[in-house]
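Please read them with the sequence and the coordinates side by side.

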Amino acid sequence: MRASLIQIAVDEGESAEARRRRTASLVRAQAGVADLVVLPELWTTGAFAYEAFAAEAEPLEGPTYELMAKAASDAGVWLHAGSIPERDPEGPLYNTSLVFSPSGDLAAAYRKIHRFGFDRGEAVLMGAGRELVTVRLPGTTLGVATCYDLRFPELFRGLVAHGAETLVVAAGWPERRRAHWTLLARARAVENQAFVLACGTAGTHAGVPQAGHSIVVDPWGEVLAEAGPGEQVLTVEFDPARVAATRDQFPALKDRVLGLEPPTGF
Ligand SMILES: NC(=O)CCC(=O)C(=O)O
């Protein structure tokens, strides 16, 4: 399987509409190159451009959906189209990832569960998703996560319990915490014996320089490919059968102990 992670530069000099069109042509250029294309988190606005969330929010089947569904079918690829600020007509905004099949049909929508910002930003401007999302592709099952989710191993264990073998993380991760990004991506791969495909943004928006450094890690924790800091398409070939082989040869996942007793307080 070949995957291309498109690490889009999200800078303020470009409108959301211009970036949408530019990104659609980057996806189309993956025809015949990749089976799976991955985009980052909130690439129309920037993950830290809080003021833009409401202004650029769109219904699930809004302009980004339309263009990305078409780009997926034009290119004949599975497309994890990163996330959009979704306006739910009956609720709050959500940070929602969209996954399209090669025929351009929506295969999954994932509302980010862990919102970033503590008592500000996304944490107060957006609602929290409650549902794990996996997507069955020929040869592997994707587990879908978004940015700050990467810090919460129990989410990934939940995805693995539902069959995930390739963990896809769309992110807008800042340069300031780049060391955490690489470390956490490798940790999620090792502990779950799964591939991790983590796609971030480049550029600077709302004064926050982005880390770039999108990364693909194998089930043994080895880095198969890593991008630099700027806009880049990172293409990697990987064998999804390595997940089952790793889990067979080093069956640590089978040794999980669930439902431990609480401390008795000696
Ligand atoms: N958009 C995000 O979720 C940012 C997460 C982040 O900066 C961090 O976990 O650190």
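1. The expected span of a helix is taken as 1.5 Å times one less than its number of residues, while helices (H or I, at least four residues) and strands (E, at least two) are DSSP runs numbered from the N terminus. The model is predicted, with local features needing pLDDT of at least 70 and side-chain atom pairs counting only at pLDDT 80 or more, whereas totals for chains, interfaces and linings use all residues. Residues are numbered from 1 along each chain as its sequence is written, and side-chain values use heavy atoms, with hydrogens and water left out.

2. Helix H6, with 15 residues, reaches 21 Å from its first C-alpha to its last, close to the 21 Å expected at 1.5 Å a residue. Its buried residues (under 20% relative accessible area, where exposed is over 50% and partly exposed lies in between, with a 1.4 Å probe and protein chains only) are Trp-181, Thr-182, Leu-184, Ala-185, Arg-188, Ala-189 and Asn-192. These buried residues pack, by contact (heavy atoms within 4.5 Å), against partners including H5, strand E8 (166-170), strand E9 (195-199) and helix H7 (241-249). After H6 comes Gln-193, whose phi is positive, near 50°.

3. How do H5 and H6 cross? The axes of helix H5 (residues 153-161) and helix H6 (residues 178-192) come within 11 Å and cross at roughly 40°, the axes being lines fitted to C-alpha atoms over the stretch in contact, with angles from 0 to 180 degrees between N-to-C directions. H5 and H6 are therefore oblique to each other, since angles under 35 degrees count as roughly parallel, over 145 as roughly antiparallel, 65 to 115 as roughly perpendicular and the rest as oblique. On the H5 side, Pro-153, Phe-156, Arg-157 and Val-160 meet Arg-188, Glu-191 and Asn-192 of H6.

4. Helix H3 (residues 63-75) has 13 residues and reaches 18 Å between its first and last C-alpha, close to the 18 Å expected. Among its buried residues are Tyr-65, Leu-67, Met-68 and Ala-72, and what covers the buried residues of H3 includes helix H1 (16-28) and strand E4 (93-100). Just after H3, Gly-76 takes a positive phi of about 65°.

5. Leaving aside neighbours within four places in sequence, Ser-97 is in contact with residues including His-80, Ser-83, Tyr-110 and Val-144.
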